[in-house]
Amino acid sequence: MSTPNSFKTGPDERGLFGIFGGRFVAETLMPLILDLEREWGAAKPDPAFWEEFNMLARDYVGRPSPLYLAERLTEELGGAKIYFKRDELNHTGAHKINNCLGQILLARRMGKTRIIAETGAGQHGVATATVCALFGLPCTVYMGATDVERQAPNVFRMRLLGAEIVPVTSGSGTLKDAMNEALRDWVTNVEDTFYIIGTAAGPHPYPAMVRDFQSVIGTEAKEQIMEREGRLPDSLVACIGGGSNALGLFHPFLDDTDVRIIGVEAGGLGLDGEDHAASLTGGLPGVLHGNRTYLLQDPDGQIIEGHSISAGLDYPGIGPEHSWLRDIGRVEYVYAKDDEALEAFQLCCRTEGIIPALEPAHALAHVAKIAPELPKDHIMIMNMCGRGDKDIFTVAKHLGFDMSDVMGETTQ
Amino acid sequence: MTTRIDNKFAQLKTEGRAAFVSYIMSGDPDMDTSLAILKGLPSAGADIIELGMCFTDPMADGVAIQLAAQRALKSGQTLPKTLEMVQEFRKDDADTPLILMGYYNPIYIFGVDRFLAAAKAAGVDGLIVVDLPPEEDDELCIPANKVGMNFIRLATPTTDEARLPAVLSNTSGFVYYVSITGITGAASANQKNVEDAVARLKRFTDLPIAVGFGINTPEQVRDIGSVADASVVGSAIVRQIENNLDEAGRPKPGLVDAVLNFTKTLSQGVR
Ligand SMILES: Cc1ncc(COP(=O)(O)O)c(C=O)c1O
């Protein structure tokens, strides 16, 4: 494959990154998708649009998020100098709000009066419910019934914020099924409804649009590291569910080809079985949810449910731009398993006083693997894209900690 | 190139009636039962058959067809098995047009050229692939046209006049008008809206217009058949299968007859 002059020009006018992406949707949705593409095309170069976005990003979300040198972690690992891009400090506790803010401003611009979203871990659902409360728009969130159970605190948060939560029992009752159900809602309520997709996937223009909203992460990180170190980092590391926090960090650096870029998928129980969510390492190109991308699937083209300890990573697909970046070799994709993420989760709590979400704990697990072998002047930025409050019950369960026995007298 | 579909509509025109199109999911609730239903459909009044190809993520389908797909998958249905079923069906029926309906991924994974050759050999006449709008015609539509397979397009209430020429290009056999904005098996079609929509489509194409989504009763079959060239029923038939399963999901005795009798009642709507 030949190397393009720039890695940042995609997608083309058909929404393609190489062979990936596109608009594989039912005819009912096609006019809406084209409408959205037109509106986004008009908003993107409009300074007034970004003025409002930037104002809210600053005053409501709390941007820019700090770039923090994790000194004790760096010392503990004994190699590369590790920085965290602290998007876990955003309002609502994850990077998801960056995208929701952008999309709701677009929804308002288009005169839409009802918002729908899908959610896995509940972080995107919370972020969507939050911006809906901010603008006084009714919000319906589709969430797999399995996820409703394992992410109860976020379900309650969304309800407090005024959203209606619809538990999805079809299929296997997780993120992909929630996305199917949101698409069914959208097909039914085409006139007034805007669908805020939570990751850099779905039909064109969503993957590019979500990336553009999340790119605030990488744009800030680049400025901050230049200020701090006077040079670009040597490597970037981020976790990958659908791929939005990772693309947000990576995209502004794609043409800085000396920067090594690593995406970390969820390896679940390992790649020998089916219990993982590593679409790029363990999947094949296919078509789902409006785009062609790497998917976990069986030989008949049926989609296989992803598994991860982290509800935000168990999507069986991945944003199409990542599929392209993988095939073209610009980004390396690796995976971290459940137990490695749990280990990293605790390491971060202990050494940095930061309780990370289980999603970035996967990125951290990989950092912990490679940092010790790297020289001390190697600068690495990891996207700390979410905080772990939502995950403490899951982690407690895996560590065999009895929550009703908080002093831990009977365990450990 | 005239196809079984063209011949069928020409024949019905001389009879002066609309076509009745019935949909079932292949492999629902299992391959043998499904094949028995399929074979009985023409005598139950189905002028054209749509055979669903199961997919784990049927994003344009309502609960009835979602469950049908899950039953089929559970019984081990695959795309090759669906093609086998068509081949069996063709052994005693050389005339009834048969259309495969589903989603793109299983076809993509099977391989487009390999699929078209196998489908053609098995006796498939047309394809309806929900997630392939005209924007993605290079994927399957153009290759299908090249081998003389009808690629049937969906037009919907959101397809405006600016879009219609694109939607009607590269299509043949008939045009499938989706009578509601929504998924299969949900709302009921509104007669007046359908009438207007069919009239509008007729200004843009000479192809027959079939109308589906939200048609559940013989009366609706009749009413839609009075303004369109075909009435399509899917979810209502599939629900009859669901209603005739035992607790373990196995077909109760009499399931095939129950489904075919129900289909026969529906088909009276166009007769
Ligand atoms: C904190 C956090 N990180 C990452 C993800 C995965 O999504 P993405 O890959 O789009 O960043 C999620 C999804 O819910 C999340 O909540």
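Trainee: How many bridges join strand S5 of chain A to S8(A), and do the two run parallel or antiparallel?

Mentor: This is a predicted model, in which local features need pLDDT of at least 70 and side-chain atom pairs count only at pLDDT 80 or more, while totals for chains, interfaces and linings use all residues. Residues are numbered from 1 along each chain as its sequence is written, chains are lettered from A and ligands numbered from 1 in the order in which they are written, and side-chain values use heavy atoms, with hydrogens and water left out. Strands are DSSP runs (E, at least two residues) and helices likewise (H or I, at least four), numbered from the N terminus, and two strands pair if DSSP finds at least two bridges between them. Strand S5 covers residues 114-119 of chain A, and its bridges to S8(A), with the strands running parallel, number three.

Trainee: Which residue in S8(A) is the bridge partner of Ile116(A)?

Mentor: The open sheet has four strands with parallel pairing, in the order S7-S6-S5-S8 of chain A. Its edge strands, each pairing on one side only, are S7 (164-168) and S8 (193-195) of chain A. In S8(A), the partner of Ile116(A) is Tyr195(A).

Trainee: Which residue in S12(A) does Val287(A) stand opposite?

Mentor: S11(A) and S12(A) run antiparallel and are joined by five bridges. They form a hairpin with one residue between them, and His289(A) in the turn has a positive phi of about 50 degrees. Val287(A) is opposite Arg292(A).

Trainee: What is the area buried between chain A and chain B?

Mentor: Counting contact as heavy atoms within 4.5 Å, 35 residues of chain A meet 38 residues of chain B. Buried area is the accessible area (1.4 Å probe) that two parts lose on being put together, summed over both. Carbon and sulfur atoms give 51% of the area buried between chain A and chain B, which is about 3,000 Å².

Trainee: Which residue of chain A forms a salt bridge with Asp57(B)?

Mentor: A salt bridge here is a side-chain nitrogen of Lys or Arg within 4 Å of a carboxyl oxygen of Asp or Glu, and the count between chain A and chain B is four. For Asp57(B), the closest N and O atoms are 3.0 Å apart, and the partner is Lys176(A).

Trainee: Which element gives the most to the side of chain A that touches chain B?

Mentor: Elements that each supply at least two residues to that side include strand S2 (20-24), helix H1 (30-43) and helix H8 (175-188) of chain A. The element that gives the most, with eight residues, is H8(A).
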